[in-house]
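Hi everyone, thanks for coming.

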Amino acid sequence: MENNDLENDYQTENQSFYLQNRTMVKGLMVCLLVLGLLIPIPFILNLIEERQGNKEKVIKEISDKWSGKQTIYGPFIEVTYVEKVNNGEGKVTEQQMKKYISANELNINGTIDTQLKSRSIYEAVVYNSKLNINSKFMNYTDMFAEIGIDNILSTRIIFGISDPKGYENKVVVQSNGKNYPLTMDNTTSPIEIQSEVGAENNEYSEPEKSKKVIPVQMMAQKIDPLTFDFNQVSINLVMKGSQMLNIIPSAINTKVNLTTDWKDLKYDGNFLPNSDPETKNGKTNVKWSIYQQNPLQGQIWKDSSNFSDYSFGVNFLQMNDHYDKTYRSTKYAILFIGLTFVAFFFIESRNNFNIHLVQYALVGFAICVNFVLLLSLSEYLGFDFAYFISSGATILLISFFVYSFLKSFGLTFKITLMLIFLYAFIYSILQLKEHALLAGSIGLFMIVAILMYYSKNIEWNKIK
């Protein structure tokens, strides 16, 4: 009799040990499956980057044909003079040199009218602008006394923008009741910019980019310093560009007043607007007022210079850029897959179900396909609508699939509710910017607490 009791106790212990090992092995296999299902995620992320690269390539093509990002340079005064130079052999020779003078005051007022140019499924922001540019230089006597030279050969007024395709009419400088039409100048430019250049090896490879210094093509006109009014220099500029408009604050006092119909603006560069922009009747008014005791690299300079770090202006954002949000949501793949599998594992442990690993894998593949579906739909519908459609379709697919083998409406409802909460939680995080980390960490903490609460009710050692 005692032998039979001992044998029963031994069998009970073996069964308990077997069940514990089976649960542990199943848990490890589920964890390995989660890691395996993360293998396609880098390929999906690469696909998103490739589609975003295609968009940027199309936008660049549209911008190149219309007119690119614009930066306004000037106006400046250019003085050509003769300087005696020692040639290193003990001889003194005369050489023509140039110096450039920026204004004491620069006032720019104007309007920027934007529109969208489309190609295929992509759009680029382009604009037409009408700007009134008024400058005030130091007077003739003070200017040439400041320069410290006597043998002056010529004096010119110069002006330029970063992309000459943006000029929509002839640029004329007005001063003292006279017009000075500017013409393209092919001599040495006082302004240089750095541009990324490179050739693409094929359609999908990344271009090898390098920095290249490119002179800004300026427009110029010769003036007579004796009759030219340096205190009243104005230009009515009609210009087109795309994506961005920047201004170089070249004067001691620079004031800019711009009005645009584009709502989503980013204020780039070295200076922010002095006050919050005002919006009225669909128009946004932005003002800058900048004082610099020593503008640029000095109000008078000699060699070609790069003033890009001094620029400021507006960037016309496309807030429906869905690629960034799709990329961020895909990074949460481990959370989607992991929590779904944890829910399955708890249901399996509490209700004596045996969910096959293939069924786990099919649910994981459905979640991975969700991200591809989100990417493709967002290119046509925008991120928000695409997210609701793709997540709704994925939740319905998983719910019907789960019901097919659980045969329990209650358990299926709980899984569906969990998926809805999870997708809603991720969507709310994607809408946040600065507070995304805070909201995400609090949400994850609550999820861990819920998992711990449900896990305590599981009788891990119970023999079924």
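This is a predicted model: local features need pLDDT of at least 70, side-chain atom pairs count only at pLDDT 80 or more; totals for chains, interfaces and linings use all residues.

Eight strands make up an open sheet, and their order is 7-6-12-4-3-14-17-16, with mixed pairing. Which strands sit at the edges? Those are strand 7 (178-181) and strand 16 (278-280), and each of them pairs on one side only. From one strand to the next, the twist averages 20°.

Now pick out strand 4 (residues 122-136) and strand 12 (residues 233-242): they run antiparallel and are joined by 10 bridges. If you'd like a spot to look at, find Tyr127, which stands opposite Gly241 in strand 12. Lying across strand 3 (105-119), strand 4 and strand 12 is helix 2 (residues 40-66), which runs at about 45° to strand 4.

Next comes helix 3, residues 140-147. Which of its residues are buried? Met143, Phe144 and Ile147 are. They cover an arc of only 85° around the axis, so they lie on the same side of helix 3. Here is a handy rule: an α-helix has 3.6 residues a turn, so residues three or four places apart point the same way. On the other side of helix 3, Thr141, Ala145 and Glu146 are exposed.

Finally, the rings. How many aromatic pairs does a search of the whole structure find? It finds 20. In one of them, the ring centres of Phe336 and Tyr423 are 4.6 Å apart and the planes are at 50°, so we call this pair tilted. The pair links distant parts of the chain, as Phe336 is in helix 5 (residues 333-351) and Tyr423 is in helix 8 (residues 409-431), 87 residues apart. Phe336 is buried at 2% relative accessible area, and Tyr423 is buried at 4%.

Phe388 and Tyr427 form another tilted pair, with 5.2 Å centre to centre and 45° between the planes. Phe388 lies in helix 7 (residues 383-406) and Tyr427 in helix 8, so this pair ties together parts that are 39 residues apart in sequence. Are these two buried or partly exposed? Phe388 is partly exposed, at 48% relative accessibility, whereas Tyr427 is buried, at 16%.

Terms used
Residues are numbered from 1 along each chain as its sequence is written. Side-chain values use heavy atoms; hydrogens and water are left out. Buried means under 20% relative accessible area, exposed over 50%, partly exposed in between (1.4 Å probe, protein chains only). Helices (H or I, at least four residues) and strands (E, at least two) are DSSP runs, numbered from the N terminus. The arc is that of the directions from the helix axis to the C-beta atoms. Rings of Phe, Tyr and Trp (its six-membered ring) pair if their centres lie within 6.5 Å; planes under 30 degrees apart count as stacked, over 60 as edge-to-face and the rest as tilted. Two strands pair if DSSP finds at least two bridges between them. Axes are lines fitted to C-alpha atoms, for helices over the stretch in contact, and angles run from 0 to 180 degrees between N-to-C directions. Contact means heavy atoms within 4.5 Å.
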